[in-house]
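Please look through the sequence and the structure before reading on.

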Amino acid sequence: SKAAGGAKVSVYDDSMREETMLQVKREHELRQALQRDELKLHYQPVIHAATGNIRGMEALLRWENQSFPSTGPQEFIPILESNGLITEFGEWVLEQACFFAEACTTDNWRPVVSVNVSPVQMKKPGFVESVRSILGRSCLAPEQLELEITEGTMMDTSRKTIQTLELLREARIRTALDDFGTGYSSLSYLRELPIDTLKLDKSFLKEESTDRVGKHVTDAVIAMAHALRLYVVAEGVETKAQAEDLKSRGCDFLQGYCFSEPLDPESFKAWVKLERS
Ligand code: C2E
Ligand code: CA
Ligand code: CA
Ligand code: CA
């Protein structure tokens, strides 16, 4: 009935209002967090499947706040994206990650640091310039930086996105397509993208363990990626059995709790030292 419909709308409005107020509150808290140095990057090792060597690490943002210990990046990054703060944050993330990777570099270990880039950030004019300038300041070799971009970014602005990817390639900066398998990727569009790496979403592994067809899909994706001369990284590798299995099927790099969870910078350095000794 009309009355019931009306009631529904007003309930919906109330929850919308609450949502907006929470958003404003979180935004204020995030600005404070940046000023108070509560945002930190953690680093998760990425392993070369064939040798067990450490390829490098993915930088993952953490918000260390006593009152909201469980606020993960999945919750606060959309807030930063909706108010434009992500560009400022994104540059800070890149800078931290590049300086850290440079500090980890030795004569016999040149880690690749993978940094997540928001679509909003990548579409800003001057994005490639700002990455190059951060690289220059950090003294990190461009080959040691990999930018992770999600499928969503790739889809909407094809021409502009490809141009940006080409500029990054000219600068010898690596690029990865993140969360592969969660969007609308097709073979034809993958062929168009000047990228270096494909990151299989963790949902691939979940489906694999319960589904025999899942294994064939993963094999097909690895074969396709290799035909396109892309490296394949599996993320969310939680067990030794999964790691062995992916290795035997030609997956290039592995990342997940099986090796290590994301670690604070000092713990990451200690972990690397132990693993490489
Ligand atoms: P992502 O890029 O797909 O990152 C991988 C996520 O999987 C991370 O979640 C990581 O902690 C988690 N993970 C790692 N190993 C395992 C495993 O073995 N099993 C399972 N179940 N999960 C595992 P996290 O740190 O909560 O980050 C969530 C998302 O937030 C990231 O997904 C990324 O999209 C975004 N994000 C994180 N840091 C940044 C950042 O600095 N900038 C931007 N733009 N986005 C970021
Ligand atoms: Ca990522
Ligand atoms: Ca991912
Ligand atoms: Ca993800």
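Which residue bridges the calcium ion (ligand 4) and the calcium ion (ligand 3)? D179 bridges them, and the two ions lie 3.9 Å apart. The model is predicted: local features need pLDDT of at least 70 and side-chain atom pairs count only at pLDDT 80 or more, while totals for chains, interfaces and linings use all residues. Residues are numbered from 1 along each chain as its sequence is written, chains are lettered from A and ligands numbered from 1 in the order in which they are written, and side-chain values use heavy atoms, with hydrogens and water left out.

**Calcium sites**

- D179 coordinates the calcium ion (ligand 4) through OD and OD, at 2.9 to 3.0 Å; donors are N, O and S atoms within 2.8 Å of the metal (3.2 Å for Na, K and Ca), and water is not among the atoms, so sites may look incomplete.
- The calcium ion (ligand 3) is coordinated by D178 (OD), D179 (OD), E235 (OE) and E235 (OE), at 2.2 to 2.6 Å.
- Along the chain, the donors of the calcium ion (ligand 3) have the spacing D-D-x55-E.
- D178 bridges the calcium ion (ligand 3) and the calcium ion (ligand 2), which lie 3.9 Å apart.
- D178 is buried at 6% relative accessible area, and D179 is partly exposed at 23%; buried means under 20%, exposed over 50%, and partly exposed in between (1.4 Å probe, protein chains only).

**Barrel**

- A barrel is closed by 8 strands in the order β1-β2-β3-β4-β5-β6-β7-β8, with mixed pairing; two strands pair if DSSP finds at least two bridges between them.
- Helices (H or I, at least four residues) and strands (E, at least two) are DSSP runs, numbered from the N terminus.
- Strand β5 (residues 174-180), where D179 is found, runs parallel to strand β6 (residues 197-200) and is joined to β6 by 3 bridges.
- A176 has T197 in β6 as its bridge partner.
- R55 sits in strand β2 and counts as buried because its relative accessibility is 11%.
- Not counting residues up to four places away in sequence, R55 touches residues including R110, E146, R174 and T197; contact means heavy atoms within 4.5 Å.

**Helix pair**

- The axes of α3 and helix α5 (residues 127-138) come within 9 Å and cross at roughly 35 degrees; axes are lines fitted to C-alpha atoms, for helices over the stretch in contact, and angles run from 0 to 180 degrees between N-to-C directions.
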